[in-house]
Amino acid sequence: LIFQGMDFGQWAEWHESSSLDWHLTEHDPHRQLQRWVADLNAVYKTSPQLWSQDYGWDGFSWINANDAEQSVLSYLRTDPAQPECPMVVVLNLTPVVRHDYRLPVPMAGFYEEVLNSDAAIYGGSNVGNSGGAHTWSDHWHPGHQTLSLTLPPLSVMVLRRVG
């Protein structure tokens, strides 16, 4: 839920008797946050994998909800109208870059990095996967394909299988 000024990082609490602090968007951190929220909304709007199954359990599955040691959460979102294009969401909740972080995914192919909160345009350090990653088979995830990703620090990444 985004409310009155949260989309650009307003410091003061919103109050009905005053206007929002739009002047803050003249500063890079606020403008970059505003860009992140706009891009996130655009991806959400054009990606039914993220919302078409919101009222059922079919469109969501955990990839890994138990990696407490590295503080990483990952899950899959799918749309029955586009089963060949699942979306992978990965959250790295530490200030540490995770290299060669392996995730099992249901299908082989190229997974495009659609959003990366650590991108320079959002004020991040620009750590990522150069636009995406190809899957491969390994013995760690039998019956699945594997993505090997670089996870930026304190980040959210969204990847979509290009099919």
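How accessible is Y75, and does that make Y75 buried or partly exposed? At 21% relative accessibility, Y75 counts as partly exposed. The class follows from cut-offs on relative accessible area: buried is under 20%, exposed is over 50%, and partly exposed lies in between (1.4 Å probe, protein chains only).

The model is predicted: local features need pLDDT of at least 70, side-chain atom pairs count only at pLDDT 80 or more, and totals for chains, interfaces and linings use all residues. Residues are numbered from 1 along each chain as its sequence is written, and side-chain values use heavy atoms, with hydrogens and water left out.

**View 1. Aromatic cluster of F60, W62 and Y75.**
F60, W62 and Y75 form one aromatic cluster. A search of the whole structure finds five aromatic pairs. Rings of Phe, Tyr and Trp (its six-membered ring) pair if their centres lie within 6.5 Å; planes under 30 degrees apart count as stacked, over 60 as edge-to-face and the rest as tilted. F60 and W62 make an edge-to-face pair, with 5.2 Å centre to centre and 85° between the planes. The pair of F60 and Y75 is tilted, at 5.1 Å centre to centre and 35° between the planes. F60 belongs to strand β1 (residues 60-67) and Y75 to strand β2, so this pair ties together parts that are 15 residues apart in sequence. Strands (E, at least two residues) and helices (H or I, at least four) are DSSP runs, numbered from the N terminus. F60 is partly exposed at 33% relative accessibility. W62 is partly exposed too, with a relative accessible area of 48%.

The largest nonpolar core has 15 residues. Those with the most contacts inside this core are V88, V90, L103, L149, L151 and L159. Five strands each supply at least two of its residues: β2 (72-77), β3 (87-92), β4 (98-105), β7 (145-151) and β8 (155-162). A nonpolar core is a set of buried Ala, Val, Leu, Ile, Met, Phe, Trp, Tyr and Cys residues joined through side-chain atoms within 4.5 Å.

**View 2. Strand β5 and its partners β6 and β8.**
Strand β5 (residues 110-116) runs antiparallel to strand β6 (residues 132-134), and three bridges join them. E112 has G132 as its bridge partner in β6. β5 also pairs with β8 in the antiparallel sense, over six bridges. Here F110 has V162 of β8 as its bridge partner. Two strands pair if DSSP finds at least two bridges between them.

D28 and R31 meet in one of them, at 2.5 Å from N to O. These two residues are three apart in helix α1, so they are separated by about one helical turn. D28 is partly exposed, with a relative accessible area of 42%, and R31 is partly exposed at 37%. R35 forms a salt bridge with D39, the closest N and O atoms being 3.2 Å apart. R35 and D39 also lie in α1, four residues apart, about one turn of the helix. R35 counts as partly exposed at 41% relative accessibility.

**View 3. The salt bridge of R102 and D100.**
R102 and D100 form a salt bridge, with the closest N and O atoms 3.3 Å apart. R102 is partly exposed at 31% relative accessibility. D100 is partly exposed at 40%.

**View 4. Surface patch of I2, F3, M6 and W14.**
I2, F3, M6 and W14 form a nonpolar patch on the surface, with about 390 Å² of accessible area together. Areas come from the Shrake-Rupley method with a 1.4 Å probe; for residues, only the protein chains shown count as cover. Patches are made of residues with over 30% relative accessible area and no salt bridge; nonpolar side chains (Val, Leu, Ile, Met, Phe, Trp, Tyr) are joined within 5 Å, like charges within 9 Å. F3 sits in the segment before α1 (28-46). At 42% relative accessibility, F3 counts as partly exposed.

**View 5. S47 and Q82.**
S47 is found in the loop between α1 and β1. S47 counts as buried, at 0% relative accessibility. The C-alpha atoms of S47 and Q82 are separated by 9.9 Å, and the two residues are 35 apart along the chain.

Key: A salt bridge is a side-chain nitrogen of Lys or Arg within 4 Å of a carboxyl oxygen of Asp or Glu.
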